[in-house]
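Please look over the sequence and the model shown here, and then follow the briefing below, which goes through them topic by topic.

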Amino acid sequence: MRSLMDPLDLSVEEIDELISTSNDIIENSAKYSEMCRGKKLATLFFEPSTRTRLSFEAAMYELGGNVLGFSAANSSSAAKGESVADTAKTVSCYADIIAMRHPLEGAPYVASLNSDVPIINAGDGGHNHPTQTLADLLTISREKGRLNNLTVGFCGDLKYGRTVHSLIIALARYAGIKIVLISPDELKLPNYVKIGVLDRQNIPYSECDDLEKAIPELDILYMTRIQGERFADKDEYERLKDFYILTPDKLTYAKDNLSIMHPLPRVNEISVAIDNDKRACYFKQVKNGKYIRMALILKLLGMCKSDAPKPQKSEEILIKDKLVCKNPRCITSCEQELEQVFKVTDLDAGICRCIYCEKKSEKLYSEINL
Ligand code: NCD
């Protein structure tokens, strides 16, 4: 049984397969309409969502299956103090597959450790959002005809934007990718992605805060919303919330075949005047999200043949009860009975990372008294 927590849980070959299954679903939808007859998807959303939850539900209905779940933490037993582990154990008695969104980083991972059925991370705090990444990759592949040799600009809240983190992690595996990081100083990409992924894999990247200057070289511009709900300091949010607004005049020097993407929801970072520009792809992303979630459900339920190899994960050493995660947005900060576990991989230069949220500990592996 497999779950999906981050994009690296799928190999490049498996992603290629998901993309071709999605393309086939788009062409031949009738072929798929009964494939999940008798199967149930549970959507456990502890945080607001329109696209992700409804596209999962639409995906399961279009496969002939059924859907159950909740769309707010306060309508579940979480409001009575139930742990994520107990919720997962319970729901896996009712459903064949579960999609979970949670404000705390690592919560879907905890669910996956306690479930008998596959868990899909539908967004965990500011950490990961792998199914948005799949929607983004399908969109890029359909728009550009390739996933390599692209200059991709990410603009806005690169600190808390989980879709940005997951998409960069996924794109770093393709050849010829250049990344342009466009954000105010306060909202720069976290080091676990910048150093841990871009530096380590020698991916060329640059950082700036000027969208207009960056636009001319881009093949893809990935705009994001400033994630107000994740700011500890609301004044800082007020100060930064209108930092970037993409208007038609800013596109004057953009490439003619630029693809403008956005995971949505948009607040005001893309003017509606751009919606009819042939370069706007964000509503295509929404559609593609449903198709690739159909392909993913089929894959995780083992309902389509796959020749693709699984990803090769590097060796990990687990460190139990020696370190404490200091990330206030980690699931361990709220569910204190969870075992504190850190991992060290052979690629990570002795850095210990929380297995739930991946934030690094202040201590290196060599500094722990084992
Ligand atoms: C994104 C998310 O939830 O991270 N939305 C989505 O799932 N398409 C982006 C956002 O909320 O800004």
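Helices (H or I, at least four residues) and strands (E, at least two) are DSSP runs, numbered from the N terminus. This is a predicted model, in which local features need pLDDT of at least 70 and side-chain atom pairs count only at pLDDT 80 or more, while totals for chains, interfaces and linings use all residues. Residues are numbered from 1 along each chain as its sequence is written, and side-chain values use heavy atoms, with hydrogens and water left out.

- Most residues other than glycine have a negative phi, and most peptide bonds are trans.
- Glu358, in the loop between β12 (351–354) and β13 (360–364), has a positive phi near 70° although it is a residue other than glycine.
- Glu358 has a relative accessible area of 17% and is therefore buried, where buried means under 20% relative accessible area, exposed over 50%, and partly exposed in between (1.4 Å probe, protein chains only).
- Asp321, which is not a glycine either, has a positive phi of about 55°, and its place is in the loop between β10 (316–320) and α11 (331–334).
- Asp321 counts as exposed because its relative accessibility is 55%.
- The peptide bond from Leu264 to Pro265 is cis, with omega near 5°, and Pro265 lies in the loop between β9 (259–261) and α10.

**Helix α2**

- Helix α2 (residues 51–62) has 12 residues and reaches 16 Å from its first C-alpha to its last, close to the 16 Å expected at 1.5 Å a residue; the expected span is 1.5 Å times one less than the number of residues.
- The buried residues of α2 are Thr52, Arg53, Ser55, Phe56, Glu57, Ala59 and Met60.
- These buried residues pack against several elements, among them β1 (40–45), β2 (66–70) and α10 (282–300), where contact means heavy atoms within 4.5 Å.
- Just after α2, Gly64 takes a positive phi of about 85°.

**Surroundings of the ligand**

- An oxygen atom of the ligand is 3.0 Å from an N or O atom in the side chain of Arg101, and the corresponding distance is 2.8 Å for the side chain of Arg162.
- For the side chain of Gln227, an N or O atom is 2.8 Å from an oxygen atom of the ligand.
- The protein covers 94% of the 310 Å² of accessible area that the ligand has on its own, as found by the Shrake-Rupley method with a 1.4 Å probe; for residues, only the protein chains shown count as cover.

**Two buried residues**

- Glu105 has its place in the loop between β3 and α4 (107–113), and with a relative accessible area of 1% it is buried.
- The side chains of Glu105 and Asn327 are joined by a polar contact of 3.0 Å, a polar contact being a pair of N or O atoms within 3.5 Å; within protein, one must be able to donate a hydrogen and the other to accept it, and residues adjacent in sequence count only if both atoms are side-chain atoms.
- Ile182 is found in strand β6 (residues 177–182), and it counts as buried because its relative accessibility is 0%.
- Ile182 and Cys155 are 27 residues apart in sequence, yet 4.6 Å apart in space, C-alpha to C-alpha.
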